[in-house]
Amino acid sequence: MESQSVRYNIGGRDLIIETGKLAQQANAAVTVRHGETVVLVTVCFNKEVREGVDFLPLTIDYEERLYAAGKIPGGFIRREGRPSEAATLACRMTDRPVRPLLPKSWHSEIQIVTTVFSADQENDPDILSVIGSSAALSLSEIPFDGPIGAVNIGYINGELVLNPKMAQFEETQLDLVVVSTKDKVIMVEAGGREVSEDVVLKAVKFGHEANQGIIQIQEQLRQAAGKPKLPVPEEKANTAALAALSQDVDEKLGKILDETDKSIRERLLANLTAELTENAGDEVAERDIAATIDAKVKKAVRTDVLEKGKRISGRGLTEIRPITCEVGLLPRTHGSGMFTRGQTQVLSISTLGSTRKEQMLDGLGLEESKRFIHHYNFPGYSTGEVRRVGSPGRREIGHGALAERALTPVLPSVEDFPYTIRLVSEVLSSSGSTSMASVCAGSLSLMDAGIPVKKAVAGVAMGLITGENGKYAVLTDIEGVEDFNGDMDFKIAGTRDGITAIQMDTKLKGISLEIVEKTLSQGKEARLFILDKMGEAIGNSRAEVSRYAPRMTKIKIDPGKIGAVIGTGGKTIRSIIEETKTTIDVSDDGTVVIGSSDMEATQKAIGIIESLTREAQIGDIFTGKVSRILDFGAMVEILPGKEGLVHISELADYRVGKVEDEVKIGDEVTVKVINIDNLGRVNLSRRALFEKESQGSETAGEDSPSADYPFRKGSSSGSSGFRGKPRYSGGDRPPRPNRGPSRPPFKRS
């Protein structure tokens with residue numbers, strides 16, 4: 001097959017889509033290139049229908065290859081393992097806009113695989129995965145209501161920027177992904193630094209317009225190389241038998257839907273399904289009865305909203321479920337907060353650690369580590385189900401990342417708060433919008449932990465019900481049943497001053513910009529209401545971190561002295577950590593952070609580090625060991641790695657014939673700094689200390705011992721007779737002849 005390619009300039013760089021050159025046995029395959037980032041996207045599907053499924057069996061995989069960025073994987077085997085968190089999020093970003101555009105009646109397995117071949121760390125491969133999946137589906141035989149375009153919008157210095165380079169996200173106020181068809185927006189995902197709703201709306205419109213060119217080149221490629229589409233499968237149902245059940249369902253369903261408690265309502269629906277199945281005998285399958293009940297529930301929920309302005313719980317369209325907030329629930333954790341909204345309940349726990357506890361990232365992005373980590377757990381008991389406990393799935397990773405993105409903008413900088421922060425959200429009960437409840441509970445927990453967050457953050461999930469003739473209603477704070485039977489899940493998180501995170505998914509083939517605008521406006525009102533409720537539990541961060549959390553103390557040392565603190569192979573710093581039971585992190589700029597819940601241990605570690613990095617000054621007195629013997633004097637190590645010379649004339653207050661007669665290697669002696677030359681060489685003296693002591697002795701009496709005696713004995717041998725006290729320690733030679741009471745040189749009796 002001859003290769004075909006199309007291109008479109010976006011953000012000042014060509015976007016090139018090519019097919020027919022690689023992976024020719026796939027049903028469809030394209031390479032997408034933007035700058036020097038290249039991805040391969042393939043689509044395959046089984047020709048046979050998968051039996052027993054009533055959903056679209058679509059699987060999307062995103063394969064990061066670290067060779068794409070010139071990296072070798074970490075770990076023992078030096079091979080990519082399970083997908084990273086970034087790869088999982090890229091899968092979700094591709095899946096969410098593609099799935100609504102495939103027929104729900106399609107029950108043959110479809111697999112889309114994105115492989116990152118080259119990553120220039122300037123152009124995001126995640127966006128190319130969305131575009132490539134759209135292009136490959138458009139070329140394949142699978143029915144697809146695309147194509148779609150995807151762009152990234154930044155907001156830098158008050159200007160909207162199309163597909164900014166990855167390094168520019170350090171300075172952007174908004175990181176927004178917009179995916180759309182020709183007419184409507186189908187997915188929005190964003191992180192922001194308290195950006196206003198007006199800016200977000202302008203960015204969505206800007207992205208939607210930019211997507212039109214990307215859609216056009218895909219249509220050109222489809223006309224040149226696309227395969228004929230297969231017909232859309234029809235849903236088969238026993239319509240006659242189901243019609244006979246309709247009357248029985250209608251009579252009982254109204255009362256069931258009046259029940260506001262989720263668990264009771266679901267139990268009644270299960271009982272109704274079992275009863276109708278038993279009465280129907282073998283004529284109707286249980287799955288058909290369940291499908292009929294689901295369809296009627298969906299119709300009832302939507303009709304009540306659109307025609308009566310009434311929701312299943314009896315709330316108004318903008319009414320929020322009852323909210324309770326609590327902090328400080330767990331006595332030994334560093335911080336805890338619980339947020340309950342209706343039957344959704346999340347408990348978040350904060351843990352503080354040293355900066356060395358940062359999470360290391362092994363991926364294609366620019367970041368190599370992160371200091372704020374949010375994990376989200378969704379156990380089976382939260383929905384009253386029996387479910388295997390295991391590794392987090394894509395949903396858990398996605399919800400955790402969304403809440404993490406929402407909270408990150410309000411965290412203090414590492415310079416102001418030198419901690420690694422881990423936040424874990426435990427979903428205790430779920431009835432809609434647990435990810436936004438995690439934002440609220442997480443914000444409460446961070447403040448309870450004494451982390452000086454800039455502001456509180458709240459989140460709310462908005463829903464949508466659409467009808468005929470363009471009629472629609474936007475719902476505030478959707479429940480699980482409204483999410484399942486509605487058309488949109490639009491999550492919005494932020495502070496009082498702006499948006500910090502957005503995630504919008506739809507089951508429709510897109511929504512209008514009018515609906516986006518109304519949802520943002522209605523969501524702001526809800527967010528402010530929730531923040532008021534949270535403020536009643538805790539208004540500001542606690543003044544101090546928990547007494548069980550490590551205290552971080554920051555000091556500054558000369559960067560040239562870092563080696564003295566680290567030591568050969570890290571020997572010195574490990575010994576300090578072991579001795580003081582603290583954590584010590586040293587930065588390249590000379591910043592040292594000592595962490596411990598015991599301030600005495602912290603002060604001890606600081607003292608050791610300061611002694612290792614101290615600079616000698618004239619007049620300082622040190623006790624050090626003789627490291628070398630020279631003909632004209634002795635070298636004494638006064639600081640780690642720093643020696644000074646004691647000239648033979650400065651060894652004692654009398655004439656010394658040989659250096660070895662006075663000291664030897666290994667002796668511990670006390671000396672005074674008397675000079676430092678312009679090359680940094682240090683001259684030391686013992687004589688200066690003898691003279692000082694001699695003067696003190698004359699005042700106190702010739703035979704009285706000195707209170708400021710400068711020598712210490714390191715072993716039982718090798719003493720000298722200076723006022724009956726040793727001159728040095730560690731020697732093994734016979735003692736010198738006793739010269740009697742010493743006196744300053746040249747002082748005559």
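**Comments on the model**

1. Gly335 belongs to strand S12, which spans residues 335–341. Gly335 is buried, with a relative accessible area of 1%. Leaving aside neighbours within four places in sequence, Gly335 is in contact with Ser348, Ile349, Ser350, Ser445, Asp448 and Ala449.

2. The structure is a predicted model, and its confidence should be kept in view. The pLDDT averages 87 over the chain, and 90% of the residues score at least 70. Over residues 700–749, however, the pLDDT is below 50, although this stretch has 100 contacts in the model beyond near neighbours in sequence.

3. Which residues touch the most other members of the largest nonpolar core? They are Ile110 and Phe339, in a core of 123 residues. Helix H3 (residues 197–225) provides the largest share of this core, 10 residues. Apart from this core lies another of 21 residues, including Ala634, Val636, Ile648 and Phe690. In soluble globular proteins, nonpolar side chains tend to be buried together.

4. Beyond neighbours within four places in sequence, Phe339 is in contact with Ile323, Thr324, Cys325, Thr344, Gln345, Val346, Ala437, Cys440, Ala441, Leu444, Ile530 and Met534.

5. The count of aromatic pairs comes to three. Tyr376 and Phe378 are stacked, because their ring centres lie 6.3 Å apart and their planes meet at 10°, where the limit for stacking is under 30 degrees. Both Tyr376 and Phe378 are buried. The pair formed by Phe417 and Tyr419 is tilted, with 4.4 Å from centre to centre and 35° between the planes. Both Phe417 and Tyr419 are likewise buried.

6. Two charged side chains are placed over aromatic rings. Arg395 lies over the face of Phe378, at 4.2 Å from the ring centre; Phe378 is also a member of the stacked pair with Tyr376. The charged end of Lys47 sits over the ring of Phe45, 4.5 Å from the centre of that ring.

7. How many salt bridges does a search of the whole structure find? The search finds 39. Lys308 is exposed, at a relative accessible area of 59%.

8. Arg315 forms a salt bridge with Glu479, the closest N and O atoms being 3.4 Å apart. This pair links distant parts of the chain, 164 residues apart: Arg315 is in the loop between H6 and strand S11 (323–327), and Glu479 in the loop between strand S19 (472–476) and helix H9 (480–485).

9. Glu615 is partly exposed, with a relative accessible area of 42%. Lys561, at 19%, counts as buried, because the cut-off for that class is under 20%. Elsewhere, salt bridges that share partners join Arg311, Arg315, Arg321, Arg341, Asp477, Glu479 and Glu482 into one network.

10. Most residues other than glycine have a negative phi, and most peptide bonds are trans. Gly146 and Pro147 are joined by a cis peptide bond, with omega about 5°; Pro147 is in the loop between helix H2 (125–139) and strand S7 (149–156). Gln121 has a positive phi, near 60°; it lies in the loop between strand S6 (110–118) and H2 and is partly exposed, at 23% relative accessibility. Ser433 also has a positive phi, of about 60°. Ser433 lies in the loop between strand S17 (420–429) and helix H8 (434–448) and is buried, with a relative accessible area of 10%.

Note on methods:
Residues numbered from 1 in each chain as written. Predicted model: local features only at pLDDT ≥ 70, side-chain atom pairs only at ≥ 80, totals over all residues. Heavy atoms only, no water. Core = buried A, V, L, I, M, F, W, Y, C linked by side-chain atoms within 4.5 Å. Buried < 20%, exposed > 50% of the residue type's maximum accessible area, 1.4 Å probe, protein only. Helix = DSSP H or I, 4+ residues; strand = E, 2+ residues; numbered from the N terminus. Contact = heavy atoms within 4.5 Å. pLDDT = per-residue confidence, 0-100. Phe/Tyr/Trp six-rings, centres within 6.5 Å; stacked < 30°, edge-to-face > 60°. Lys NZ or Arg CZ within 6 Å of the ring centre and 35° of its normal. Salt bridge = Lys/Arg side-chain N within 4 Å of Asp/Glu carboxyl O.
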